[in-house]
Amino acid sequence: MSLLSEWRDDIRCVFERDPAARTTFEVLTTYPGVHAILLYRLSNRLWRRQWRYAARLLSFIARLVSNVDIHPGATIGPRFFIDHGACVVIGETAEVGRDVTLYHGVTLGGTSWRKGKRHPTLGDGVLVGAGAKVLGPITVGNNARVGANSVVVADVPDSCTVVGIPGKVVKLREAGTVNPYGIDLDHHLIPDPVGKAIACLLDRIDGLEKKLEAGGLVPAGSQQQYFLGCSVDNSICETDCSGGAASSGSVEPRRVGNLLD
């Protein structure tokens, strides 16, 4: 593919993923993420032709202009978009597939000083939320989503969502509206694994106290009881533990015995 064709695709994809984009002239003159990828395409060609210093100098100029640091040795597929284009870092051996979207503050970094493959590989259609760090020679599968501020240090399967520090694969709730361009930007619709753990622990404590009372080990009502309102609403806990069922919008208050005494 020619350089002009790649530039054209990188500009067109902005209108598919940013509703604020209005005209091509506006995108070309005011989008730092676009400036970064256009200059990267040129510096990457210089890098592959062994004009290494010229490539690094051009990428340095691109960083001054856009605040995006893309090593010219990185491999980036067509229709790549950096939304807001601030503080994004992409390392030398990173590989990025087609139709990938990064938000501001994303790092595709390494975890070693050894030469060779040390940066991540992102499949086609991957979306990485603001502030996320994807580190090491790992693979993020096609159409995966990385939640904002996550730190991903292990492989992510296709079509999964990963959140947290370190990143954990969680179940993605189905988005309410499908993007007419076929690109799902609803990466914020994710369950809360911490909420799931807390709800399940409260459910377990409640069950254990009932067993103790039934066995006569603890006289019913003899200790001061505390009641905590618990209204959990996430897609995992709704099915994985009885304490997380939230179909009515609220859950029976949890009793935590004398743990708070």
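Start at Pro166, in the loop between strand E14 (161-163) and strand E15 (168-170). This is a predicted model. Show the backbone from Ile165 to Pro166. Is the peptide bond there cis or trans? It is cis, with omega near -10 degrees.

Next, select Cys87. Look for this residue in the loop between strand E3 (81-82) and strand E4 (88-90). Cys87 is not a glycine, yet its phi is positive, about 60 degrees.

Now go to the helices. Two packed helices are described by the angle between their axes and the distance between the axes. Keep both in mind for the next two stops.

Select helix H1 (residues 3-17) and helix H3 (residues 32-48). Their axes lie 10 Å apart, and the packing angle is about 160 degrees. An angle over 145 degrees counts as roughly antiparallel, so that is how H1 and H3 run relative to each other. The crossing of H1 past H3 is right-handed. Which residues make the contact? On H1, show Leu3, Glu6, Trp7, Asp10, Ile11 and Val14. On H3, show Val34, Ile37, Leu38, Arg41, Leu42 and Arg45. Colour them by class: this contact has eight nonpolar and four charged residues, and no polar ones.

The axes of H3 and H4 come within 8 Å and cross at roughly 175 degrees. H3 and H4 are therefore roughly antiparallel too. From H3, pick Pro32, His35, Ala36, Leu39, Leu42, Ser43, Leu46 and Trp47. They meet Arg52, Ala54, Ala55, Arg56, Leu58, Ser59, Ala62, Val65 and Ser66 of H4. How do the residues of this contact divide by class? There are 11 nonpolar, four polar and two charged.

Stay here and zoom in on Trp47 and Arg52. What sits over the ring of Trp47? It is the charged end of Arg52, 4.1 Å from the ring centre.

Last stop: zoom out. How many aromatic pairs does a search of the whole structure find? The count is zero.

Definitions and conventions:
Residues numbered from 1 in each chain as written. Predicted model: local features only at pLDDT ≥ 70, side-chain atom pairs only at ≥ 80, totals over all residues. Heavy atoms only, no water. Axes fitted to C-alpha atoms, helices over the stretch in contact; angles between N-to-C directions. Helix = DSSP H or I, 4+ residues; strand = E, 2+ residues; numbered from the N terminus. Parallel < 35°, antiparallel > 145°, perpendicular 65-115°, else oblique. Left-handed = near helix turned anticlockwise from the far one by under 90°. Contact = heavy atoms within 4.5 Å. Nonpolar A, V, L, I, M, F, W, Y, C, P; charged D, E, K, R; others polar. Phe/Tyr/Trp six-rings, centres within 6.5 Å; stacked < 30°, edge-to-face > 60°. Lys NZ or Arg CZ within 6 Å of the ring centre and 35° of its normal.
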